[in-house]
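Q: Could we go through this structure together? I would like to begin with the sheets and then turn to the interface.

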2 protein chains.
Amino acid sequence: MGENIGAAARAMLNFGLTGMRLVAPRDGWPNERAAATAAGASAVLDQVEVFETVSDAIADCQYTLATTVRQRGLFLPVVEPAEAAPELRRRAEGGQRTAILFGAEKAGLETDEVAHADAILTIPVNPGFSSLNLAQAVIVIAYEWSRQVGFEPMFGSAYDDAVATREQVEGVAGHLIEALDQAGYFYPPDKRPTMERNIRTLMSNADMTPAEIQLFRGMIRQLMRGPKPS
Amino acid sequence: MGENIGAAARAMLNFGLTGMRLVAPRDGWPNERAAATAAGASAVLDQVEVFETVSDAIADCQYTLATTVRQRGLFLPVVEPAEAAPELRRRAEGGQRTAILFGAEKAGLETDEVAHADAILTIPVNPGFSSLNLAQAVIVIAYEWSRQVGFEPMFGSAYDDAVATREQVEGVAGHLIEALDQAGYFYPPDKRPTMERNIRTLMSNADMTPAEIQLFRGMIRQLMRGPKPS
């Protein structure tokens with residue numbers, strides 16, 4: 001179905017895969033519904049190659065994985081996406097052409113088609129509810145593949161760029177303790193070491209940024225002035 | 001949208017997650033379209049809890065991740081699914097209640113909603129094409145979470161259950177070499193050690209099962225009889 005082709009193209013491109021081959025597409029090729037569903041993944045659809053048989057489609061490949069959710073009685077190794085991805089990467093880096101075969105939405109691949117592959121690829125799912133559709137299976141496998149490429153997150157953490165130093169943390173803890181001391185907080189005196197330690201731990205665990213420490217110090221200064229005359 | 005709720009429920013249950021909470025669903029709750037799209041994931045939909053605000057929805061949680069594709073200028077750590085999953089597991093095993101927040105399809109979460117979280121969760125995608133929809137994001141994160149649970153593949157490998165022993169491999173190699181010797185294959189005689197070694201490597205690399213070795217031995221026996229009289 002065109003919708004499945006489009007959704008698969010979109011899933012692929014999200015994770016950096018572009019080489020799509022179709023075997024005997026039901027409604028011919030090109031397919032308008034595929035283009036509509038692909039939602040901009042034209043980098044995949046524009047270079048689709050069409051073949052008559054699975055055998056033709058993988059003729060130039062050195063390593064092919066066939067996705068299936070059923071045991072086929074074939075003497076092929078069975079691998080999960082997390083195992084397959086590094087193997088695909090290793091082979092690609094060695095110059096091999098690799099392929100992942102997906103069957104049509106309902107029927108999946110025929111056993112004779114799976115037999116063309118070097119191994120069976122299957123996604124471990126909830127044994128009580130396994131109903132991944134074609135595009136969902138493509139997403140999971142493409143995602144796992146992309147982890148080998150190592151895309152960067154779309155943005156960094158403002159937090160990571162700005163973690164306070166130990167000196168800054170000690171500084172604000174000391175400021176707070178001084179303010180509390182002036183306010184007569186440390187009582188009885190023999191508990192003071194424990195109370196101080198708990199305050200230092202609190203400030204340390206708060207994982208404040210320098211800006212947050214400034215914010216906190218400002219609040220302490222204001223509180224030290226006592227209540228505003230009404 | 002009901003369709004997104006249903007697709008998310010289905011994605012969750014495929015990977016073993018069942019606790020869904022909705023915040024102010026646009027079309028109320030329950031929702032017929034959600035049930036239709038969920039395609040059997042009633043274990044999720046039947047126990048949906050509905051809240052008025054994000055704050056209410058995560059009030060009893062000890063650790064909340066907010067998914068977003070945009071930098072928000074918040075001083076929150078940014079984690080990827082593969083980092084988040086072991087952290088969620090560690091906390092869950094310690095008895096904590098954890099949550100992952102997803103925004104509505106187009107708009108995503110508001111920055112004030114993200115600010116309720118302990119960290120931002122983002123899926124690294126192709127910087128040239130990042131268009132994961134809500135259900136796709138749920139699938140990737142639920143899949144990564146499920147890897148911590150460690151679902152078994154739906155079926156084992158017939159191959160793994162039946163790898164030939166070294167003795168069986170040596171046996172068939174010896175059988176083949178004997179047949180070739182009778183057929184006068186090893187010529188010139190000084191090349192024989194190399195030719196034999198290549199044959200043993202070929203048979204060893206073939207990774208045959210015991211059944212395949214029997215098949216192969218049967219073929220050798222038949223070929224040794226020579227051409228059938230016509």
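The conversation below takes up the sheets, the interface and some backbone details in turn.

Q: Before we start, what kind of model is this?
A: This is a predicted model.

Q: What is the strand order of the open sheet in chain A?
A: The sheet has 4 strands in the order 4-6-3-5, and the pairing is parallel. Its edges are formed by strand 4 (78-79) and strand 5 (98-101) of chain A, each of which pairs on one side only.

Q: How many bridges join strand 4 to strand 6 in chain A?
A: There are 2 bridges between strand 4 and strand 6 (residues 119-121) of chain A, and these strands run parallel. Within strand 6 of chain A, A:Leu121 is the residue that stands opposite A:Val79.

Q: Which strands does helix 5 of chain A touch?
A: Helix 5 (residues 81-93) of chain A packs on the sheet and touches strand 3 (63-67), strand 4, strand 5 and strand 6 of chain A. The direction of helix 5 makes about 160° with that of strand 3 of chain A.

Q: And chain B, what is the strand order there?
A: Chain B has an open sheet of 4 strands in the order 4-6-3-5, with parallel pairing. Strand 4 (78-79) and strand 5 (98-101) of chain B each have a single partner strand, so one side of each is left without a neighbour in the sheet.

Q: How many bridges join strand 3 to strand 5 in chain B?
A: Strand 3 (residues 63-67) of chain B is joined to strand 5 of chain B by 4 bridges, and the two run parallel. B:Ala66 stands opposite B:Leu101, which belongs to strand 5 of chain B. Helix 5 (residues 81-93) of chain B packs on this sheet, with its direction at about 160° to that of strand 3 of chain B.

Q: Changing topic: how many residues are in contact between chain A and chain B?
A: In chain A, 51 residues are in contact with 52 residues of chain B. The area buried between the two chains is about 4600 Å², and carbon and sulfur atoms give 66% of this area.

Q: Which three residues supply more of the area that chain A buries than any other three?
A: They are A:Phe75, A:Phe129 and A:Phe155, which supply 17% of the area that chain A buries against chain B.

Q: What about salt bridges, how many does the rule find across the interface?
A: The rule finds 2 salt bridges between chain A and chain B. A salt bridge links the side chains of A:Glu144 and B:Arg147 at 3.8 Å, N to O.

Q: Which element gives the most to the side of chain A that touches chain B?
A: Helix 7 of chain A does, with 6 residues. The elements giving two or more residues to that side are helix 1 (2-14), helix 5, helix 7 (134-149) and helix 10 (210-224) of chain A. By class, the residues on that side of chain A divide into 30 nonpolar, 14 polar and 7 charged.

Q: Now the backbone: is the peptide bond from A:Trp29 to A:Pro30 cis or trans?
A: That bond is cis, with omega near 0°. A:Pro30 lies in the loop between strand 1 (21-23) and helix 2 (32-38) of chain A. The bond from A:Tyr187 to A:Pro188 is also cis, with omega near 0°. The place of A:Pro188 is the loop between helix 8 (166-182) and helix 9 (192-205) of chain A.

Q: Is the phi of A:Ala39 positive or negative?
A: A:Ala39 has a positive phi of about 50°, although this residue is not a glycine. A:Ala39 is found in the loop between helix 2 and helix 3 (42-45) of chain A. Most residues other than glycine have a negative phi.

Technical notes
Residues numbered from 1 in each chain as written. Chains lettered and ligands numbered in written order. Predicted model: local features only at pLDDT ≥ 70, side-chain atom pairs only at ≥ 80, totals over all residues. Heavy atoms only, no water. Pairing = 2+ DSSP bridges. Contact = heavy atoms within 4.5 Å. Axes fitted to C-alpha atoms, helices over the stretch in contact; angles between N-to-C directions. Buried area = accessible area lost by both parts, 1.4 Å probe. Salt bridge = Lys/Arg side-chain N within 4 Å of Asp/Glu carboxyl O. Nonpolar A, V, L, I, M, F, W, Y, C, P; charged D, E, K, R; others polar.
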